[in-house]
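Subject: Structure for you to look at

Dear colleague,

I am passing on the structure below, together with an account of what was found in it. Please read the notes with the coordinates open beside you.

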Amino acid sequence: MFIAVIKPLVVNITILFSLIFNANLFFPFRRKMVLTWKQKMMYGVVSSFTAILCMMYPIQPLAKTNFDFRMIVILVTTLYIGKTAGLLCTLTVIVARSIIGGPFAFAGITVSVFAFIVGMLFRSSFFNVKRKILYGLMIVLVYLILYVATIIYAVPPLSWRFYIIYFIFFIAMFIALVYVIERLIQFNEQFDDMIYVDKLATVSEMAASFAHEIRNPLTTVRGFVQFLSEGTKDERVKKFAPIILEELDRTNEIITEYLTLAKPAQFQLQKINVDDILHTSVHLLSPLGAMLNVSFQLYTEGKSDAYGDADYLKQALLNVMKNGMEAIESGGLVTIHKTVDEKEKEVIITIRDTGKGMTEEQLKKIGLPYYTTKSKGTGLGSMITARLIREMGGTITYESRLNVGTTVTITLPLYEGD
């Protein structure tokens, strides 16, 4: 009996791992995946095919019962991809199990539906927890309660040895898939970081090659424009000189941004008071916010000490807050909320605006060189901000909905010294 149970289990396990790696090949897993409807349907098709393959190699300790790992496919797909893909997979399984038939078809359909329901119930909270392995174990145990209850009610008792082997493999397989997916997410993020660093190096080399050379003649031109505008009676010169000076200053700011990328920053990583830096940043931007009819609200909770560089953190926060303020077109609110995650030893800063928001395509391009949603801008501000936060050992992520607003989440290492 042991061999008869293990052989189809091994086949099911191979099929499930094949699903994960093939799905990651076409649509790499991300921490917060923003998928199009087409991509969700593709995930649903792949998972449906995988579930059917599992059903083709069932464990059959009794002639008329079918045990396999199709429920794991439904559960994982629903948790990571969402309702659309999970529902498509579940409906496919229901149809396939109905075709297979037998006296226990209804029980097989019921446990499949339970997998989808449990996945939907825990999906939101699953993405917010840090320790997904432990949380995943809790999810699969909750599901197994429903699974076992259905078996007890609808299926004649089988050998207790079979149940032990099957459910141990079931739990282990689900946890293994969660672990593998989380590792793939980490590898994909590291790969993204490598691409980001490569783009950063490219911009830095370009900046170093021409920024200084351009700044010197600009300074000379600005001086002559000022000189001519002060001593002239020509009305056209007086009219257009301020515009020329403004554009020269804006060009100088762009060059400064390039130099910030080109010149390696000297970070003084030490204990910093995040609350003080936040209050200072809000105080600096409030007058400009008042002119644009934008107000700031700051909330701080928990410890205020982080490990980082005070000056560069303030620069990063000002960039993010200023972007949020400029995204608001006719009055609104920028909310800054600082909390502490004691378990993960992180200070979390959330900056949320009520601006015009971004589409999914725009959101994917945030932080890339030369990309900006502003009419006047280089796109380097977000890139510099990301670099500053990364250099301090932190992370920065963006979430946005069109016509609703954008949320930027910054994490920094919590200072744990005396």
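Of the contacts in the protein with a separation of 6 or more, what percentage is accounted for by residues 24 or more positions apart? The share is 75%, and I would ask you to keep in mind throughout that this is a predicted model. The protein has 12 helices and seven strands, and of its 418 residues 43% count as buried.

Helix packing

I begin with helix α2, residues 37-56, and helix α3, residues 70-80, whose axes come within 8 Å and cross at roughly 160°. That angle makes α2 roughly antiparallel to α3, since angles over 145 degrees are counted in that class, and the crossing of the two is right-handed. On the α2 side the contact is made by Ser 47, Thr 50, Ala 51, Cys 54 and Met 55, and on the α3 side by Arg 70, Val 73 and Thr 77. Sorted by class, the residues of this contact are four nonpolar, three polar and one charged.

Helix α3 also packs against α4, at an angle of about 160° and with the axes 8 Å apart, and α3 and α4 are therefore roughly antiparallel to each other. The crossing of α3 and α4, however, is left-handed. Here α3 contributes Arg 70, Val 73, Ile 74, Thr 77 and Thr 78, while α4 contributes Ala 85, Gly 86, Cys 89, Thr 90, Val 93 and Arg 97. The residues of this contact divide into five nonpolar, four polar and two charged.

By class, the contact of α5 with α6 has 16 nonpolar, four polar and one charged residues.

Two buried positions deserve a separate note. Thr 150 lies in helix α6 and is buried, with a relative accessible area of 10%; leaving out residues up to four places away in sequence, Thr 150 touches Ala 107, Thr 110, Val 111, Phe 114 and Val 155. Phe 104 lies in the loop between α4 and α5 and is likewise buried, at a relative accessible area of 17%. Val 155, one of the residues touched by Thr 150, is 51 residues from Phe 104 in sequence, yet the two are 6.9 Å apart in space, C-alpha to C-alpha.

Nonpolar cores

Which residues touch the most other members of the largest nonpolar core? In this core of 62 residues they are Tyr 147, Tyr 166 and Phe 170. The elements giving two or more residues to the core are α1 (2-26), α2, α3, α4 (83-100), α5 (105-128), α6 (132-154) and α7 (160-231), of which α7 gives the most, with 15 residues. When neighbours within four places in sequence are set aside, Phe 170 is in contact with Phe 69, Met 71, Ile 72, Val 140, Tyr 143, Leu 144 and Tyr 147. Apart from this core lies another, of 31 residues, among them Met 321, Ile 328, Ile 396 and Leu 414.

Two loop residues

Asn 293, in the loop between α9 (274-291) and β2 (294-300), has a phi near 60°, a positive value in a residue other than glycine, and Asn 293 is exposed, with a relative accessible area of 54%. Asn 403, in the loop between β6 (395-401) and β7 (405-413), has a positive phi as well, near 65°, and at 66% relative accessibility Asn 403 counts as exposed.

With best wishes

How values were computed: Residues numbered from 1 in each chain as written. Predicted model: local features only at pLDDT ≥ 70, side-chain atom pairs only at ≥ 80, totals over all residues. Heavy atoms only, no water. Axes fitted to C-alpha atoms, helices over the stretch in contact; angles between N-to-C directions. Helix = DSSP H or I, 4+ residues; strand = E, 2+ residues; numbered from the N terminus. Parallel < 35°, antiparallel > 145°, perpendicular 65-115°, else oblique. Left-handed = near helix turned anticlockwise from the far one by under 90°. Contact = heavy atoms within 4.5 Å. Nonpolar A, V, L, I, M, F, W, Y, C, P; charged D, E, K, R; others polar. Core = buried A, V, L, I, M, F, W, Y, C linked by side-chain atoms within 4.5 Å. Buried < 20%, exposed > 50% of the residue type's maximum accessible area, 1.4 Å probe, protein only.
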